[in-house]
Amino acid sequence: MNFEIIIIGAGISGASFANKIVKFAKTLLLDAQDISQRPKSTNIFPFHNKSYIEESEWANEELFPIYHLKTNYMGSTINGIINSEEFGRPLGKVVYLEKLLDRLIQKFEEKGGIFKDKQKVIKINKYNDHLEIITNSGQTYSCKLLVFATGSRALDLQRSMGFDTPDEYVGIYCHFHGDEDKLNENLDVNYLFHINIKISRNGPLFINKGKERLSIGFLGDNQPIQELGLKLDNIINNYKKIQPFIEGLTRDSKAIVAKISKHPIKSFSRERMLVLGEAAGLVTPFFYEGILCGLVSAEIASYTTKSLIENNCDFNQLSLRQYDNEITRVFRNFFKNGKGSEYIFYNAGSNMQLIWDSYTKSIFKDKKLRRYIYEAYQIEDIEALTNYDTSRDRYAGERMLANLPFLSKISLAPFFLKARFIL
Ligand SMILES: Cc1cc2nc3c(=O)[nH]c(=O)nc-3n(C[C@H](O)[C@H](O)[C@H](O)COP(=O)(O)OP(=O)(O)OC[C@H]3O[C@@H](n4cnc5c(N)ncnc54)[C@H](O)[C@@H]3O)c2cc1C
């Protein structure tokens with residue numbers, strides 16, 4: 001079957017792009033998974049994600065069951081709380097991502113798009129005027145533009161088409177269930193982000209609290225999957241700091257292990273091909289925020305390809321450069337923030353804990369810093385993201401350095417100075 005556009009991957013990047021472009025091009029969306037078996041995913045959806053979805057979705061309580069009112073950047077002794085009541089509006093909502101994806105796919109089909117799951121793309125053949133896509137069930141499709149929105153699960157495939165691949169990491173999480181009152185009694189924040197060097201040197205332990213469910217997990221060092229599972233069990237069963245939050249709740253028997261990629265690849269387009277979201281390494285390297293990057297890359301892909309379609313352009317490499325240029329322009333400052341924070345925390349070696357605790361103390365003590373963090377949740381749209389103000393991150397760095405114990409302040413000053421150059 002012939003299509004103008006084929007998108008591989010119906011995660012947030014692919015499903016969102018499919019919805020935006022289907023009005024302008026005959027579009028096929030493929031996914032390797034059985035979509036009815038997609039695992040639960042409870043995620044934080046800050047206001048800075050909101051402008052990339054439709055108002056009707058945002059208002060849908062099945063997809064977005066509650067507002068995100070409070071975050072705890074939890075330290076060893078002092079918690080850095082961002083409480084929306086201090087500043088006004090909530091921080092965003094909590095999304096049940098698997099339900100949002102179902103809704104986006106349903107809407108895409110209503111608009112005339114064709115969706116097929118259980119179709120793993122295993123081979124791509126390139127011809128002068130089209131691409132041929134072959135799936136594991138022997139189906140063949142052709143298109144003028146192919147979009148990789150494959151997350152971290154088809155890096156070999158994108159490599160085979162000449163793209164670089166981002167760096168791979170791995171995370172694990174599981175869900176707990178209980179009634180809403182019990183969840184709120186246990187934990188009064190929607191998002192808990194905690195650095196503990198014994199858990200991971202590469203990422204946080206997190207808890208995301210929805211209405212009658214919460215997920216708990218961590219983004220780990222690259223240990224084997226079995227070890228990850230044992231570590232999660234160990235944390236859940238023995239880590240005193242988090243036990244009150246899950247007390248009396250029922251745990252899902254199965255934990256979900258998922259790869260995550262970060263550090264953007266050099267080029268996001270080639271002749272007749274684009275890469276979106278996590279497959280392109282568009283995930284913030286400190287917070288591992290991939291939903292925003294998926295949504296924004298889908299938005300940029302939609303306005304750049306729409307104008308090419310309107311001008312009867314054949315998706316040559318030069319014309320698709322617009323997508324690369326826009327991705328770089330929009331994310332430049334925002335990713336500096338991620339890189340600076342990644343350097344400060346995940347490259348600090350044995351000082352990681354000390355620096356994290358200084359951060360949570362700075363948040364606790366400093367209203368200006370709390371406001372800056374609150375405002376980062378509120379970034380309105382693409383232009384605001386493009387103009388992201390990195391001087392605020394330098395301010396955070398200064399506060400962290402100032403709040404370190406005296407001797408560490410002296411020894412770590414050059415380290416903080418280096419991070420300043422990243423920003
Ligand atoms: C443990 C963990 C916690 C996270 N928490 C957060 C969070 O709280 N907030 C946040 O913003 N981000 C979070 N992230 C990151 C975020 O979830 C992802 O970066 C984002 O969802 C990626 O979206 P995507 O559409 O680019 O890729 P994916 O969601 O990975 O979608 C890719 C799709 O492509 C399909 N696919 C792959 N290969 C093929 C193929 N060959 N043929 C057909 N289909 C294929 C897959 O089946 C999949 O459905 C987390 C990640 C992990 C691992």
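## Domain layout

The C-alpha centres of domain 1 and domain 3 lie 35 Å apart in this structure, which is a predicted model. The domain assignment of the protein makes domain 1 out of residues 2-34, 117-166 and 263-330, builds domain 2 from residues 44-95 and 168-260, and gives residues 348-422 to domain 3.

## Surroundings of the ligand

Around the ligand there are 38 residues, of which Gly-9, Gly-11, Gly-151, Gly-277 and Gly-290 come nearest. Two or more residues of this shell are given by each of helix H1 (12-21), strand S3 (42-46), strand S12 (167-177), strand S15 (213-219), strand S17 (256-262) and helix H10 (291-310). By class, the shell around the ligand holds 19 nonpolar, 14 polar and five charged residues.

## Packing of H1 against H5

Helix H1, which gives residues to the shell around the ligand, also packs with helix H5 (residues 97-110) at an angle of about 30°, and the axes of the two helices are 9 Å apart. Since angles under 35 degrees count as roughly parallel, H1 and H5 are therefore roughly parallel to each other, and their crossing is left-handed.

On the H1 side, the contact is formed by Ile-12, Ala-15, Ser-16, Ala-18 and Asn-19, which meet Leu-97, Leu-101, Leu-104, Ile-105, Lys-107 and Phe-108 in H5. The residues of this contact of H1 with H5 comprise eight nonpolar, two polar and one charged.

## Packing of H15 against H16

Helix H15 (residues 391-402) and helix H16 (residues 406-422) have axes that come within 10 Å of each other and cross at roughly 175°. With angles over 145 degrees counted as roughly antiparallel, this crossing makes H15 roughly antiparallel to H16.

From H15, the residues Arg-394, Gly-397 and Leu-401 meet Lys-409, Ala-413, Phe-416, Ala-419 and Arg-420 in H16. The contact of H15 with H16 is made up of four nonpolar residues, one polar residue and three charged residues.

Methods. Residues are numbered from 1 along each chain as its sequence is written. This is a predicted model: local features need pLDDT of at least 70, side-chain atom pairs count only at pLDDT 80 or more; totals for chains, interfaces and linings use all residues. A residue is near a molecule or strand if its C-beta atom, placed from the backbone, lies within 6 Å of it. Helices (H or I, at least four residues) and strands (E, at least two) are DSSP runs, numbered from the N terminus. Ala, Val, Leu, Ile, Met, Phe, Trp, Tyr, Cys and Pro count as nonpolar, Asp, Glu, Lys and Arg as charged, and the others, Gly among them, as polar. Axes are lines fitted to C-alpha atoms, for helices over the stretch in contact, and angles run from 0 to 180 degrees between N-to-C directions. Angles under 35 degrees count as roughly parallel, over 145 as roughly antiparallel, 65 to 115 as roughly perpendicular and the rest as oblique. A crossing is left-handed if the near helix is turned anticlockwise from the far one by less than a right angle, and right-handed if clockwise. Two residues are in contact if their C-beta atoms, placed from the backbone, lie within 7 Å. Domain bounds come from an automatic or database domain assignment.
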